[in-house]
Amino acid sequence: MNTAIIKPQWSPLTIALMVLGFIAFWPLGLLVLGYILWGEKFGGSPEKAQAYWNKGRAWCSSNKSRHHGWQNHRSYGMNSSGNAAFDEYRAEQLKRLEEERARLDAEIEAFHEYMANLNKAKDREEFDRFMNERRGSRQGYDQPRPDNGDTNNGWGNNG
């Protein structure tokens, strides 16, 4: 028998309490949200809550050891099938896939390098075109300066 005054369900009262909890102090709103979502699983009993907690911990620890192999890319978290021939075949296929993945990663890197060089060449071409247009618009820039014996490069001497 559940004698809770506020039932763990989506009702106007629980939604209002959740909103007020978030306004007053955000962890309080989070606590009310957790009660709404998972209150029925605990059933209001500390024993049920502890059992649920232990079940979750057991699941996490079993999955941690199962997925540990993903980091070394050898076992991929799979246990033996019991058939040595199939396990050998699986290991060969996984090795082949890993080699294919490494080859594709190298191709991706080469493509990125190619695109970077292509962009550099395009930028260089645009810059050269800009400089040629700029030189053409300046009067006398491309023409050699007459040498009139002035060593100050055209700057007068006020002294």
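Which helix holds both Asp128 and Arg124, and how many residues apart are they? Both lie in helix H4, four residues apart, which is about one turn of the helix.

1. **What you are looking at.** Please keep in mind that this is a predicted model. The protein has four helices and zero strands, so its pattern along the sequence reads α-α-α-α.

2. How much of the protein counts as buried? The share is 11% of the 159 residues. The exposed surface comes to about 14,200 Å², and carbon and sulfur atoms supply 58% of that area. As for contacts with a separation of 6 or more, 23% of them join residues 24 or more positions apart.

3. **Helix H4 from end to end.** Helix H4 runs over residues 84–137, which gives it 54 residues. From its first C-alpha to its last, H4 reaches 79 Å, close to the 80 Å expected at 1.5 Å a residue. The buried residues of H4 are Asp87, Arg90 and Leu94.

4. Look next at Asp87, which lies in helix H4. Is Asp87 buried or exposed? Asp87 counts as buried because its relative accessibility is 17%, and the cut-off for buried is under 20%. Leaving aside residues up to four places away in sequence, Asp87 touches Ser80, Ser81 and Gly82. The side chain of Asp87 also meets that of Arg90 in a salt bridge, at 3.4 Å from N to O. Asp87 and Arg90 are three residues apart in helix H4, so about one helical turn separates them.

5. Side chains of opposite charge can pair when their charged atoms come close. The count for this model is five salt bridges. One of them joins Glu107 to Arg103, with the closest N and O atoms 2.3 Å apart. Glu107 and Arg103 both sit in helix H4, four residues apart, or about one turn. Glu107 counts as partly exposed because its relative accessibility is 43%, and Arg103 is also partly exposed, at 38%.

6. **Back to the opening pair.** Asp128 and Arg124 form a salt bridge too, and their closest N and O atoms are 3.8 Å apart. Asp128 has a relative accessible area of 35%, so it is partly exposed. Salt bridges that share partners also join Glu100, Arg103 and Glu107 into one network.

7. Now move to Ile36, which is found in helix H2. With a relative accessible area of 5%, Ile36 is buried. What does Ile36 touch, not counting residues up to four places away in sequence? The answer is Pro8, Gln9, Trp10, Thr14 and Met18. Ile36 and Pro8 are 28 residues apart along the chain, yet their C-alpha atoms are separated by 4.3 Å. Gly39 has its place in helix H2 as well, and it counts as buried at 8% relative accessibility. Gly39 lies 30 residues from Gln9 in sequence, while the C-alpha atoms of Gly39 and Gln9 are 8.1 Å apart in space.

8. Which residues make the nonpolar surface patch of about 830 Å²? They are Trp10, Ile15, Val19, Leu20, Ile23, Leu37, Trp38 and Tyr52. Helix H1 (12–24) and helix H2 (26–42) each supply at least two residues of this patch. H1 gives the most, with four residues. Tyr52 comes from helix H3, which covers residues 46–66. Because its relative accessible area is 35%, Tyr52 is partly exposed.

Technical notes: Residues are numbered from 1 along each chain as its sequence is written. This is a predicted model: local features need pLDDT of at least 70, side-chain atom pairs count only at pLDDT 80 or more; totals for chains, interfaces and linings use all residues. Side-chain values use heavy atoms; hydrogens and water are left out. Buried means under 20% relative accessible area, exposed over 50%, partly exposed in between (1.4 Å probe, protein chains only). Contact means heavy atoms within 4.5 Å. Accessible areas come from the Shrake-Rupley method with a 1.4 Å probe; for residues, only the protein chains shown count as cover. Patches are made of residues with over 30% relative accessible area and no salt bridge: like charges are joined within 9 Å, nonpolar side chains (Val, Leu, Ile, Met, Phe, Trp, Tyr) within 5 Å. A salt bridge is a side-chain nitrogen of Lys or Arg within 4 Å of a carboxyl oxygen of Asp or Glu. The expected span of a helix is 1.5 Å times one less than its number of residues.
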